[in-house]
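Please open the structure in your viewer and keep the sequence panel beside it. The tour below moves from one selection to the next and says what is there.

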Amino acid sequence: RLAHGLGLRVVLRPGPYVCGEFEFGGLPAWLLRDGPIELRTDAEPYMGHVERWWGELLPRLRREGLMLDDGGPVMLVQIENEYGHFGDVSEVEADRRYLERLADLARRHLGDGAQLFTSDPDDLAKLTRGTLSPSASRLGSEVLTTVDSCDVPEDAWAAQRSFNPPGRSPFFCSELWVGWFAHWGEPARPNLAAQRARDVAERLRRVLAVNGGTGSVSLYMAHGGTSFGWWAGANTADGMYLPDTPSYDYGAPIGEGGGHGLDEAGGDKYAALQSVLLEAPSGGGSSVPSSSPSASRPPSPPAEPQPLREEPPPPRRLSSTVEVELPEAVRLMEAETLAALSGGGRCCDELPLPMEEVGCDYGIVVYETELPAGSGGPLQVSRLRDRLVALFG
């Protein structure tokens, strides 16, 4: 509604998996309360939860007239996100069925006018694994394959065309990376975040020039912002777990604090990209957005929130939220402090349980054990997927 009031179009990315840099890819932690389940494939109970969630979310877009064919701003709807990194529709039938079920759900709730698409990096291997091409799926002519990264726009378009029906592949760089995110322990502005403003602007110019100047683009990110609280996600590389920092400034043209994003040499990314967009055929004539971009289309008033039909399952063992009054200072690891923080919830198992299985979706879990007298040797922890502080005493 806000985008509509500002005269903007919307590329909707409802997931259910949205990206690695957000906590659990945007999936709710309570999915794992009863132990591991298969995710991001055609398997139960995962798909049952997806159907219920989309069954609540997507119909609201139609009811409120937000789809493009109803006069609203939503012009594209993405199915999943970079699935070629995770699944393989070309080899695993359950993975192909998964993307097809998502597309069928979106079509059922949003109508035939919704243009659906997938987004994967612009290399052939990941596109083969992650897209519903005509050779791989009955929906290959309905779900547009798009590409991200687009370091060499002309090659990216060639890759995109090879996974769409002939003549039905308008170039869309679904994520033109203008910077990068940071992991804990890395420099503050690593890798692509240090890209010079003029280099990013030149890549944008080349994307827009593809196919006789008909290229389309989504800047990733135009504004990165902040992953508040415990919402920052994580990535992997060479088997290593790499947690993301809460800052998602990304080296974007609009910085985390709202000002113009600058490269390491002081180049203004916002101004550089703005100059390219203003030169484009559809760039318009104003160099500075109006303070009232669309007075004829004011934002709609917020709709009354509707409760979900199904509540998430309750925690199995421990309370994850408790109010505690603290004096001026406490010793965190003292028995009385831990008892107060846990709200009286404790459990015993031979091996440490994952946080989700004890009902603690976010925060800190304290694991305690007693070691036999005289025991020694190194402490070995395998497959750690978080930060560990080990205390002995």
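How many aromatic pairs does the structure hold? There are twelve aromatic pairs, where the rings of Phe, Tyr and Trp (its six-membered ring) pair if their centres lie within 6.5 Å, with planes under 30 degrees apart counting as stacked, over 60 as edge-to-face and the rest as tilted. This is a predicted model, in which local features need pLDDT of at least 70 and side-chain atom pairs count only at pLDDT 80 or more, while totals for chains, interfaces and linings use all residues. Residues are numbered from 1 along each chain as its sequence is written, and side-chain values use heavy atoms, with hydrogens and water left out.

Select Trp180 and Phe181 to begin with. Their rings form a stacked pair, 4.8 Å centre to centre with 20° between the planes. Phe181 is buried, at a relative accessible area of 7%, whereas Trp180 is partly exposed at 22%; here buried means under 20% relative accessible area, exposed over 50%, and partly exposed in between, with a 1.4 Å probe and protein chains only.

Phe181 belongs to the loop between strand 5 and helix 6, and Tyr248 to the loop between strand 8 (240-243) and helix 7, so that the pair links distant parts of the chain, 67 residues apart; helices (H or I, at least four residues) and strands (E, at least two) are DSSP runs, numbered from the N terminus. Tyr248 is buried, at 8% relative accessibility. Extending the selection to Trp177, Tyr220 and Tyr250 shows the aromatic cluster to which Trp180, Phe181 and Tyr248 also belong.

Next, select helix 6 (residues 197-213), where the buried residues include Ala197, Val200, Arg203, Leu204 and Val207. Among the elements that cover the buried residues of helix 6 are strand 4 (143-149), helix 5 (153-161) and strand 6 (216-220).

Move on to Arg40, whose charged end sits over the ring of Tyr17, 3.5 Å from its centre; the criterion is that NZ of Lys or CZ of Arg is within 6 Å of the ring centre and within 35 degrees of the ring normal. Arg40 also lies over the face of Phe86, at 4.4 Å from the ring centre.

Finish at Ile364, in the segment after helix 8 (335-341). Ile364 is exposed, with a relative accessible area of 69%, and touches Trp230 and Met355, not counting residues up to four places away in sequence, where contact means heavy atoms within 4.5 Å.
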